[in-house]
Amino acid sequence: MKSTARRQSYGAKGAPYAFLVPATVLFALFFALPIGYALWLSFRKVRVSGLGLGSGARREVWAGLENYTDALSDSELLHGALRVLGYGCIVVPVMLGLALLFALMLDSEKVRLAPVTRLAIFLPYAVPGVVAALLWGFLYLPDVSPFYFVLDRLGMPQPDLLDGGPLYLALSNIAVWGGTGFNMIVIYTSLQAIPAEVYEAAKLDGATPLQIALRIKIPMVAPSLVLTFFFSIIATLQVYNEPTTLKPLTNSVSTTWSPLMKVYRDAFGEGDIYGAAAQAVIIAFATLLLSFGFLRAANRRQKQEAAR
Amino acid sequence: MSSLAVPQAEPRAGSTPGTVQDRPPLRRRIALIPTVTLLLGAIYCLLPVAWVVIAATKSGPELFSTFTFLPGTGFADNVRDLSAYRDGVYWQWMANSALYAGLGALLSTCVSAVSGYALATYRFRGRETIFNVLLAGVLMPPVILAVPQYLLLAKADLTDSYVSVLLPQILFPYGVYLARIYAAAAVPADVVEAGRMDGASEWRIFTRIALPMMIPGMVTVFLFQFVAIWNNFLLPYIMLSDDEKFPITLGLFTLLEQGANTPALYTLVITGAFLAVLPLVALFLVIQRFWSLDLLSGAVKS
């Protein structure tokens, strides 16, 4: 009896490690190894000797921090980062604001058509980013767009949506369109988890629906808002598909519009995998810094709320 | 946490009619604002979809000449042209996407389930470390991974193959995270303990007892990962050069790129986009009642 118990507890001790083997192996091969390799490459460069002909003329050598100083002083990368920052300042507040608004509306009493509209707003999640950008891209083209048709009939000016400032709005719109529904569902499900008694008590105290929304609902779904903020910030920093898809439709999206696009161009267009690796490491580092900074700020905020 | 098992919470019952009935006009107005807001949101979200449905019916000249929301006459021709394009490579892209997303999501759900179960039910050294390291994977920008993944797979002579797109997508940190949350909620510790008392092996406990309890949550994980792989663009873009192996996202993108020079291809791109949206929308309509998005809010609360 005693020995079986011991054997089983040994089995239980080894079991979790055995269960985690597939994930660990995949992580090592497709996450850790590539990250390590990117780090290694970022400290290397190619030295060309002589005319660069013949074997041994191109040698890979240690570069120290050269690739990093190059990347940090690269104005194209900086401009890409600033563009993405501007884009994120539009996308994140608008998308989450709309998601919260729709979630509150869905959750309000006596609302009509809630299941149908909920499904409709969630639907863009099923549309791949590339296809979404493609659809909106056509809707931005004066020759085929209904907006331009209407503007034309009304005799109003027809702005070029794919150039200059409007391009930011055009790109942001694609992200807002694609992401609002998903975030709405996350917020809505946590609204549904609030017990009905809370509202009963508030109503007895004479609270209006608006007060209930502002004073009770929004604070109670704060953790979901933090989560959606977190994922939205990460997704924004990594924007790649939408500007890449719009590129064939306009001349004003450059191959280095976002930092990730520049990494791709440098690695595969220019063949400078070392410089691209250093830039990639910098972007990853900035992402980590921003996300952890955000999480810490959110945690501190929540602790303060709890203490009150 | 018990709310996890309930796919959709019932609308709150027992609203107090007395207080509201005193002010009928206010009540009507309040019901109107949310409904109108949601309708506007729905129109905004359906607009591009409605556009592509109609645009796909238009022949080339009609696309540029008739009003956008006026149906055309060329849908059958468009589908025929699209199917004829490069010997039906379009349908090959669709089949590829189904393979990448279907097989990839299935494998990755299995990995998520077994890892999430282990992380949720056992207490062992390094548990939190392993979990946190896996989760940090979420934060890695895809291109940071994809470029060195490409270079490493090139060394192994595996680029431009189905494997090069399938393998890197099997481990989804977010899926492991969701599976852990779900396993913690759905698999009671005493049931696992009872299995041990009966002398079942740990693997048998997992496959026979825990896994069936985890199925509803794993359906959600499968769908998330299916959508994520179906929508992926960057990884196949970097890995593949042979367009017979392209998924639909990459195929449509290359078609659009060529269309910039030959506007005749625009009708193909639009028809292709319309047909590419159909399977996922259909999937959504069928399964939206089954999948428990509560999992997400449950994840937030823990």
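The paragraphs below describe salt bridges in a predicted model. Residues are numbered from 1 along each chain as its sequence is written, and chains are lettered from A in the order in which they are written. In this predicted model, local features need pLDDT of at least 70, side-chain atom pairs count only at pLDDT 80 or more, and totals for chains use all residues, while side-chain values use heavy atoms, leaving out hydrogens and water.

Side chains of opposite charge can pair when their charged atoms come close. A salt bridge here is a side-chain nitrogen of Lys or Arg within 4 Å of a carboxyl oxygen of Asp or Glu. Over all chains, 14 salt bridges are counted by this rule.

One of them joins K217(A) to D107(A), with 3.0 Å from N to O. This pair links distant parts of the chain, 110 residues apart: K217(A) belongs to helix α10 (residues 209-220) and D107(A) to helix α4 (residues 75-107) of chain A. Helices are DSSP runs of H or I with at least four residues, numbered from the N terminus. Both K217(A) and D107(A) are buried, that is, under 20% relative accessible area with a 1.4 Å probe and protein chains only.

Another salt bridge lies within a helix. K262(A) pairs with D266(A), their closest N and O atoms being 2.9 Å apart. The two residues sit in helix α13 (residues 259-269) of chain A, four residues apart, about one turn of the helix. K262(A) and D266(A) are both buried.

D266(A) also meets R265(A) in a salt bridge, at 2.9 Å from N to O, and R265(A) is buried too. These residues belong to a network of salt bridges that links D74(A), E76(A), K262(A), R265(A) and D266(A).

Definitions and conventions:
Buried means under 20% relative accessible area, exposed over 50%, partly exposed in between (1.4 Å probe, protein chains only).
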